[in-house]
There are 2 protein chains.
Amino acid sequence: MKARVTVTLKNGVLDPQGTAIEGSLAALSFAGVNSVRQGKVFEIDLDTNDAEQARASLTAMCEKLLANTVIEDFEISL
Amino acid sequence: MKARVTVTLKNGVLDPQGTAIEGSLAALSFAGVNSVRQGKVFEIDLDTNDAEQARASLTAMCEKLLANTVIEDFEISL
């Protein structure tokens, strides 16, 4: 079973990388960009086909390794 | 209008970061992980509310800055 985990910075957490991209887009003459925030995405292929078990296991992975839950949110889609 | 752009490595392109995460998950005793691939996600807030225009503008941004289309694929969701 393939799953996708998206890790993004929580609102209010400074995102210098996003700000740099915003500046670069402006320098490339892309107008109308209000804000850019960058996050990470993990495509994880799991052995199990049980959605509930996969979700539990992915949540544990996020909490232990993939996300820093102090400053980041994660989202699991199966 | 908020858009999300996901940039992932094309199939066949080596992903050492994903492999390292896979190793770390194994070291943390997470079993049943076949593969991990890491990508990037951009949350972009645009001025326009026209989906077609937003998509065209985001495609141009990906091609010029956000993705390296030689080795990466991108996906736009509005």
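A search of this whole predicted model finds eight salt bridges over all chains. Among them are the pairs R4(A)–E43(A), E75(B)–R4(A) and E72(A)–K40(A).

**Salt bridges around R4(A)**

- The side chains of R4(A) and E43(A) form a salt bridge, with an N to O distance of 2.5 Å. R4(A) is in strand β1 of chain A and E43(A) in strand β2 of chain A, so the pair ties together parts that are 39 residues apart in sequence.
- R4(A) also meets E75(B) in a salt bridge, here at 3.3 Å from N to O. This pair joins two chains, because E75(B) belongs to strand β3 (residues 72–77) of chain B and R4(A) to strand β1 of chain A.
- R4(A) counts as buried at 18% relative accessibility, while E43(A) is partly exposed at 28% and E75(B) is partly exposed at 45%.

**Salt bridge between E72(A) and K40(A)**

- In the salt bridge between E72(A) and K40(A), the closest N and O atoms are 3.6 Å apart. E72(A) lies in strand β3 of chain A and K40(A) in strand β2 of chain A, so this pair ties together parts 32 residues apart in sequence.
- E72(A) counts as buried, with 11% relative accessibility, whereas K40(A) is partly exposed, with a relative accessible area of 28%.

- D45(A) sits in strand β2 (residues 33–46) of chain A.
- D45(A) is buried but has no salt bridge.
- Leaving aside residues up to four places away in sequence, D45(A) touches M1(A) and K2(A) in chain A, and G32(B), V33(B), N34(B) and S35(B) in chain B.

**Helix α2 of chain A**

- Helix α2 (residues 51–66) of chain A has 16 residues, but its end C-alpha atoms are only 19 Å apart. A straight helix would reach 22 Å at 1.5 Å a residue.
- The buried residues in α2(A) are A54(A), L58(A), M61(A), C62(A) and L66(A). Seen down the axis of α2(A), the buried residues fall within an arc of 100 degrees, so they line one face of the helix.
- An α-helix has 3.6 residues a turn, so residues three or four places apart point the same way.
- The cover over the buried residues of α2(A) includes β1 (2–9), β2 and β3 (72–77) of chain A, together with α1 and β2 of chain B.
- E52(A), E63(A) and K64(A) are exposed on the other side of α2(A).
- D50(A) caps the N-terminal end of α2(A), with a side-chain oxygen 2.9 Å from the backbone nitrogen of E52(A).

**Positive phi at S29**

- S29(A) has a phi near 70 degrees, a positive value in a residue other than glycine. S29(A) is in the loop between α1 (16–27) and β2 of chain A and is exposed, with a relative accessible area of 63%.
- S29(B) is not a glycine either, yet has a positive phi of about 70 degrees. S29(B) lies in the loop between α1 (16–27) and β2 (33–46) of chain B and is exposed, with a relative accessible area of 63%.

Notes
Residues are numbered from 1 along each chain as its sequence is written. Chains are lettered from A and ligands numbered from 1 in the order in which they are written. This is a predicted model: local features need pLDDT of at least 70, side-chain atom pairs count only at pLDDT 80 or more; totals for chains, interfaces and linings use all residues. Side-chain values use heavy atoms; hydrogens and water are left out. Helices (H or I, at least four residues) and strands (E, at least two) are DSSP runs, numbered from the N terminus. Buried means under 20% relative accessible area, exposed over 50%, partly exposed in between (1.4 Å probe, protein chains only). Lys and Arg count as positive and Asp and Glu as negative; His and the chain ends are not counted. A salt bridge is a side-chain nitrogen of Lys or Arg within 4 Å of a carboxyl oxygen of Asp or Glu. Contact means heavy atoms within 4.5 Å. The expected span of a helix is 1.5 Å times one less than its number of residues. The arc is that of the directions from the helix axis to the C-beta atoms. A polar contact is a pair of N or O atoms within 3.5 Å; within protein, one must be able to donate a hydrogen and the other to accept it, and residues adjacent in sequence count only if both atoms are side-chain atoms.
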